[in-house]
Amino acid sequence: MKRFAVLGLGKMGVDWVANLLEGGHEVIGFDTAAAARERAPKALAKGLGWIGKKRHSDDPGFADEAAARFRIIDTDEALTAELGSCQVLLEVILEDLDLKCEVLSRIAPALPDEGIVWTNTSSLSVHTMGLASGRPDRFVGTHGMNPVYQMPAVEVVRHKDLSEQTLSDTV
């Protein structure tokens, strides 16, 4: 997997971006809130600075090189166009099941058929979101520890076999 899209550029979203960039990935980021898009580069620079100091002290260009692989998208249309070249869509928006399901049902179909949808949630139904995404067999739920780029632990959220169910079965 080389290219990720991160949907939601709040604290957790930007932390995940830093983590993915450290792993060498290309990342596009999107948030409907202009303020979040504006804050993201500064927050990302802070995270990459910490990573560079703690884990890449022998590479003085690490933070700049990593940041160069991140691009912010500012419209739904641009995001949809970019998703066709992404292998993973990571959703990190507000903890609101209805909102997550609406967004995933609208955005996930733009991924390639082999694309994976990944949600970062601590308490919501991964089962329901997987169904809403239209690709329950390619849906992953995790919850990163905060801050993601400093904490090596992640909670993996299990969900039942979704192959025979529809979204209406869960509501």
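1. A contact here means heavy atoms within 4.5 Å. By that test, in this predicted model, Asn19 touches Val148 and Tyr149, leaving aside residues up to four places away in sequence. Asn19 and Tyr149 are 130 residues apart along the chain, yet their C-alpha atoms are separated by 5.0 Å. Asn19 belongs to helix α1, residues 11-22. Its relative accessible area is 28%, so Asn19 counts as partly exposed.

2. Look next at helix α4, residues 76-83. Its buried residues are Leu79, Glu82 and Leu83. They span an arc of only 100° around the axis, so they sit on the same side of α4. An α-helix has 3.6 residues a turn, so residues three or four places apart point the same way. Glu77 and Ala81 are exposed on the other side of α4.

3. What do the buried residues of α4 pack against? Their partners are strands β1 (3-7), β2 (26-30), β3 (70-73) and β4 (88-91), plus helix α5 (97-107).

4. The largest pocket holds about 450 Å³ of space. It has 30 lining residues, and Gly8, Asp31, Val92, Ile93 and Leu94 are the closest to its centre. α5 supplies the largest share of the lining, four residues. By class, the lining has 14 nonpolar, ten polar and six charged residues.

5. The second largest pocket holds about 160 Å³. Its lining includes Lys11, Asp15, Arg39, Lys46 and Tyr149. α2 gives the most, with five residues. The classes are five nonpolar, two polar and four charged.

How values were computed. Residues are numbered from 1 along each chain as its sequence is written. This is a predicted model: local features need pLDDT of at least 70, side-chain atom pairs count only at pLDDT 80 or more; totals for chains, interfaces and linings use all residues. Side-chain values use heavy atoms; hydrogens and water are left out. Helices (H or I, at least four residues) and strands (E, at least two) are DSSP runs, numbered from the N terminus. Buried means under 20% relative accessible area, exposed over 50%, partly exposed in between (1.4 Å probe, protein chains only). The arc is that of the directions from the helix axis to the C-beta atoms. On a 1 Å grid over the protein atoms alone, a cavity is a set of points where a 1.4 Å probe fits but cannot get out, and a pocket is an open set with protein on both sides within 12 Å along at least five of seven lines; lining residues have an atom within 4 Å of a point. Grid points are joined across faces, edges and corners, and a volume is the space filled by probe spheres set on the points. Ala, Val, Leu, Ile, Met, Phe, Trp, Tyr, Cys and Pro count as nonpolar, Asp, Glu, Lys and Arg as charged, and the others, Gly among them, as polar.
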